[in-house]
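I opened my notebook to record what I looked up in this model. The entries follow in the order I made them.

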Amino acid sequence: MARRHLRAVGDGALNPLDIGLRDVVGASATTLEKARGIRTVGQLLDWLPRTYLDPRRPTAFRDLPHGEDVVVVGTVQAATTHQMRNRRGRRLVVDVADDAGGTIQLTFFKAFGHQDRLTPGVRVVCSGQVGVWRDTLQLTHPDYATLGEDGEGGAQWLLDGLVPVYTATKGLSPIVHGQCLELVFHHLDELPDPVPEEVRTQAGLPDLLAAYRLVHRPRTDADQRTGRWRLKFGEAFTVQAQLAQVRRSSGAVPARPRVPVPDGLGSQLRQRLPFDLTEGQESVLAELLADLARDVPMHRLLQGEVGSGKTVLALLAMLAVADSGGQAALLAPTEVLAAQHYRSMSQLLGPIAEAGLLGGLAEGTRIALLTGSQSAAERRSSLLAAASGEAGLVIGTHAIIQQHVQFADLAMVVVDEQHRFGVEQRDALRAKAPEGTAPHVLVMTATPIPRTVAMTVYGDMEISTLRELPGGRRPISSFVVDGQRPDWVRRTWDRVAEEVRGGGQVYVVCPRIGDVEDPDLPGSGGAGPGLPMGAGAGDAAGAAGDDGADLLTEPVEAGTAAPALHGVHQVARCLRALPATRDLAIEVLHGRMPAEDKDAVMLAFAAGRVDVVVATTVIEVGVDVPNATTMVLLDADRFGISQLHQLRGRVGRGGKPGLALLLTQGEGVDPEAVERLERVAATTDGFELARLDLESRREGDVLGASQSGGRSGLRFLRLARDEDLIVQAHEAAWRTVEADPELERHPELADALTRLDATRAAFLERG
């Protein structure tokens, strides 16, 4: 193939990284595309080796995994040909030895072309699937290259340094993979580098093309480490530059300063609060009020432990906006949470939120609630209150961002549990501000965010953190309950009954809803591990007796099929039959219920008329019933660390100690999942758990790609391990953008930012 130079050229030219791989490597590109989705030069370069072999070091053949694809380095000891009995032709058998005394045979059913190359004493690199024949390790018709071979089809790239090993690709041998990379490097003269030369010089880093060579063709281990560091730095630098530009553009449209009136609504509320703000809350409130007083839109993330008082601070900030004649909207992820915010805020505000009503504060305001399931009359009333400005505070779900919802003067947007919303939804709400102005934006999360995630995802926002809990909060004790221990499981339900008798209330959380008519699944099923049914719904009473006692206490038998997940309806049915709990008032709660039914259950639970709520994770965020003291999480090993911490934060909020019982599925539970539960049970420090969560999850999960609708975009960075690098890249990128806001002097960086796909670019614009 004639050499085609791929070099960075003028504006509008195709970036060499975007060149189609077929144009460079030929037919192998088809295999790479089908197996790996690799279509371009850049995608091939971004697929990094998983490890390296050093041909100068022994390769212990005896440790090779049978049935797996491997790359080995050894020396040919002998090569013999044999006439095959059942077919024409001769078979070539080559004995290859490692430096530790082990041997492996290479078998070729067509000797031609191989017997002259694989001669005793030749050093060879082979790839193939390890098999065993007559107690001898074997590679059948492997791909190989001899060290020292040069020229057409040679392996000069294997002569010196380390041999890269990539994840196996069906239909593409490691040797051919390496030859594809050789062709790419042969055709590349240079690459546009988004990291400016002055930044590279200061950090002592190679350019981009050199970095790829160091990773794919390292001579030493230090080479590949340097190359990987450079690729990570480039990725972090680009992300930070994008965030710096977003921060800059977010202040381009001015906001109206919103200054609270002396002795205004905020002061009135503080006099009504049944508690004093903590020192940390006072500090964060001062930050919020200072932001609101500026003509640059507030763009702040408020993170804090479950129950740390974020909502009260948001309410005080919203009242400062109402004091100035503006409106504030709070966007909640679920109707349950929106309705709870409406009730709790109305209760806290009292006459402050009853302006115009008998007994209301004359200079007060009103609260409106907007949800998708409201009656037509309720919805018309709320829409009118928002559009007329009568309601200074508007609380709602996604319904609040619909096009026909209007505000008189939207001055502040509060997004609760921001990770539940997409960028488009937040932008739609911000667009409802008066023309020519931008609303102040506050987003809140009860999921503590590690520093590296905060810098990488929320770097365009100021961050406030609440670490301390308000006075009166009692610690939550957590215990892991083995679903294979019937005595432990039985004690769990006895403890639930004891909590209720002691005046407390209980959540039982299931990972799925199930259907009302679902049969009780055998072995575990709807009641799940620790709650096994052992019979279908029709004969459950006959199998377990009228009391259904064993439905919730018998372990899953070893050797049975993998247990199904608990379902809300099946578990509630079992609890109503179990002797320990059958006299309790038990209700179900899940997201598919009509809004009025969900509200009725939560109101009854809050009023103490319901003892046990069997729910899905719909209660995970913001639900606040002070008298709830205990939570039982079924199939707890199926939940993530942050979600477990969020869920258990629903109990122990009213001055009584909280208890969280984490039931495992029982038979066949992943030991790593049990270890995760033990770590959750060992601490209530959400920031420590967030760090553990980051270490155990893929980067895409951490960055919320599921909320953005696409991949996270991170290829090389590992947020749990690369903090120093991210800090360094952050400082360099923000200096670069500050000195050259339009990136006129840095066209390669500008091009790198435009190359971010639309989903990734929108995802970075979190606010």
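**Entry 1: salt bridges**

I began with Arg-248 and Glu-742, whose side chains meet in a salt bridge at 3.1 Å, N to O. I used this rule: a side-chain nitrogen of Lys or Arg lies within 4 Å of a carboxyl oxygen of Asp or Glu. The model is predicted, so I noted the limits: local features need pLDDT of at least 70, side-chain atom pairs count only at pLDDT 80 or more, and totals for chains, interfaces and linings use all residues. Residues are numbered from 1 along each chain as its sequence is written, and side-chain values use heavy atoms, with hydrogens and water left out.

What does the Arg-248 and Glu-742 pair tie together? Arg-248 lies in helix H7 (residues 221–250), and Glu-742 sits in the loop between helix H24 (723–739) and helix H25 (747–754), so the pair ties together parts that are 494 residues apart in sequence. I took helices (H or I, at least four residues) and strands (E, at least two) as DSSP runs, numbered from the N terminus.

My cut-offs were: buried is under 20% relative accessible area, exposed is over 50%, and partly exposed is in between (1.4 Å probe, protein chains only).

Next I checked Arg-491 and Glu-498. Their closest N and O atoms are 2.7 Å apart, in a salt bridge. Arg-491 is partly exposed at 41%. Glu-498 is partly exposed too, at 31%.

Then came Arg-495 and Glu-499, a salt bridge with its closest N and O atoms 3.2 Å apart. Both residues belong to helix H15 (residues 486–501), four residues apart, which separates them by about one helical turn. An α-helix has 3.6 residues a turn, so residues three or four places apart point the same way. Arg-495 is partly exposed at 31%, whereas Glu-499 is buried at 16%.

I also found a network of salt bridges linking Asp-193, Arg-200 and Arg-230. How many salt bridges does the rule give? The count comes to 16.

**Entry 2: strand E4 and its partners**

I moved on to strand E4 (residues 103–108). Five of its six residues are buried. Strand E3 (residues 90–97) runs antiparallel to E4, and six bridges join them. Two strands pair if DSSP finds at least two bridges between them. Asp-95 has Gln-105 in E4 as its bridge partner.

What do E3 and E4 form? They form a hairpin with five residues between them. Gly-101, in the turn, has a positive phi of about 90°.

E4 also pairs with strand E6 (residues 136–140), in the parallel sense, over three bridges. Here Leu-106 has Leu-139 in E6 as its bridge partner.

**Entry 3: the seven-strand sheet**

I traced an open sheet of seven strands with parallel pairing, in the order E11-E12-E10-E13-E14-E9-E15. Which strands are at the edges? They are strand E11 (366–370) and strand E15 (462–466), each pairing on one side only. The twist averages 20° from one strand to the next.

I looked at E14 (residues 440–445) in detail. Strand E9 (residues 299–304) runs parallel to E14, joined by five bridges. His-299 stands opposite Val-441, and Leu-301 has Val-443 as its bridge partner. E13 pairs with E14 in the parallel sense, also over five bridges. Met-412 stands opposite His-440.

**Entry 4: helix H20**

Last, I checked helix H20 (residues 671–682). Its twelve residues reach 17 Å from first C-alpha to last, close to the 16 Å expected at 1.5 Å a residue. The expected span is 1.5 Å times one less than the number of residues.

Which residues of H20 are buried? They are Ala-673, Leu-677, Val-680 and Ala-681. These cover an arc of only 100° around the axis, which puts them on the same side of H20. I took the arc from the directions that run from the helix axis to the C-beta atoms. The face turned away from the buried side carries the exposed residues Pro-671, Glu-672 and Ala-682.

Notes
Axes are lines fitted to C-alpha atoms, for helices over the stretch in contact, and angles run from 0 to 180 degrees between N-to-C directions.
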